[in-house]
Amino acid sequence: MLSAVEVLAVCFVVLCLSVAFIPMRRHLIRRGGGAFDCAVRFGPIPAAGDASGWSFAVGRYRDLTVDLYRVFSYSPRPRTSLARRGFDVVGRRDAAGEETRTLLPGWAVLECSAGGAVVELAMSTESMMAFLTWVEAAPPGWDISRVS
């Protein structure tokens, strides 16, 4: 039989391992290259400047999709994938109002349409340039997504 001290020690070790798993998972996602930090918000989108609904994520480029993994999750699978086909960038704006406190400094917001659904992506300028390049670099014969 385990004593109370041993039970507490086991609980403490399990807690430490579960907390340490999140940065290890993020490292494993980013290890393969082609990854970037972002925040994502799915429609219906509140008014610009409203900070509700943002979820921090790690994006990882694939051939035809960008996989978005939630930062604070234990799942080995992406939360969602954004397909290049049918993805339109509608607009770009700087973070405003409460968003400046929620998002990281220097991040801007892309207002997008993905297969008819409204999506907002917030990321650094460097990541945004790479993302827009990926969106526009469609394979030959594809109807290139609109980037405003």
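Buried here means under 20% relative accessible area, exposed means over 50%, and partly exposed covers the range in between, with a 1.4 Å probe and protein chains only. The model is predicted, so local features need pLDDT of at least 70 and side-chain atom pairs count only at pLDDT 80 or more, while totals for chains, interfaces and linings use all residues. Residues are numbered from 1 along each chain as its sequence is written, and side-chain values use heavy atoms, with hydrogens and water left out.

Start with helix 3. Helices (H or I, at least four residues) and strands (E, at least two) are DSSP runs, numbered from the N terminus. Helix 3 covers residues 125-136, 12 residues in all. From first C-alpha to last, helix 3 reaches 17 Å, close to the 16 Å expected at 1.5 Å a residue. That expected span is 1.5 Å times one less than the number of residues.

Which residues of helix 3 are buried? They are Ser127, Met128, Phe131, Leu132, Trp134 and Val135. Seen down the axis of helix 3, these buried residues fall within an arc of 155°, so they line one face of the helix. The arc is taken from the directions between the helix axis and the C-beta atoms. On the other side of helix 3, Glu126, Met129 and Thr133 are exposed. An α-helix has 3.6 residues a turn, so residues three or four places apart point the same way.

Leu132 belongs to helix 3. Leu132 counts as buried because its relative accessible area is 17%. Leu132 and Val89 are 43 residues apart in sequence, yet 8.4 Å apart in space, C-alpha to C-alpha.

Now the aromatic rings. Rings of Phe, Tyr and Trp (its six-membered ring) pair if their centres lie within 6.5 Å; planes under 30 degrees apart count as stacked, over 60 as edge-to-face and the rest as tilted. The structure holds six aromatic pairs. One of them joins Phe87 and Phe131 edge-to-face, at 5.6 Å centre to centre and 80° between the planes. This pair links distant parts of the chain: Phe87 sits in strand 5 (residues 87-94) and Phe131 in helix 3, 44 residues apart. Phe87 and Phe131 are both buried. Ring pairs also build a cluster from Phe36, Tyr61, Phe87, Phe131 and Trp134.

Arg84 lies over the face of Trp134, at 4.4 Å from the ring centre. The test for a charge over a ring is NZ of Lys or CZ of Arg within 6 Å of the ring centre and within 35 degrees of the ring normal.

Next come the salt bridges. A salt bridge is a side-chain nitrogen of Lys or Arg within 4 Å of a carboxyl oxygen of Asp or Glu. How many does the structure hold? The count is eight. In one of them, the side chains of Glu120 and Arg41 meet at 2.6 Å, N to O. This pair links distant parts of the chain, with Glu120 in strand 7 (residues 117-123) and Arg41 in strand 1 (residues 35-42), 79 residues apart. Both Glu120 and Arg41 are buried. Salt bridges link Arg41, Arg93, Glu99, Glu111 and Glu120 in a network.

Arg62 and Asp67 meet at 3.2 Å, N to O. Arg62 is partly exposed, at 37% relative accessibility, whereas Asp67 is buried, at 9%. Arg101 and Glu98 meet at 3.0 Å, N to O. Here Arg101 is exposed, with a relative accessible area of 67%, and Glu98 is partly exposed, at 41%.

What of the cysteines? A disulfide is a pair of cysteine sulfur atoms within 2.5 Å. By this rule the count is zero. The sulfur of Cys16 has its closest cysteine sulfur in Cys11, 11 Å away, too far for a bond. For Cys38 the closest cysteine sulfur is in Cys112, also 11 Å away and too far for a bond. Cys16 is partly exposed, at 36% relative accessible area, while Cys38 is buried, at 1%.

End with helix 1. Helix 1 (residues 4-31) contains Arg30. Arg30 counts as partly exposed because its relative accessible area is 31%. Arg30 and Gly59 are 29 residues apart in sequence and 8.7 Å apart in space, C-alpha to C-alpha.
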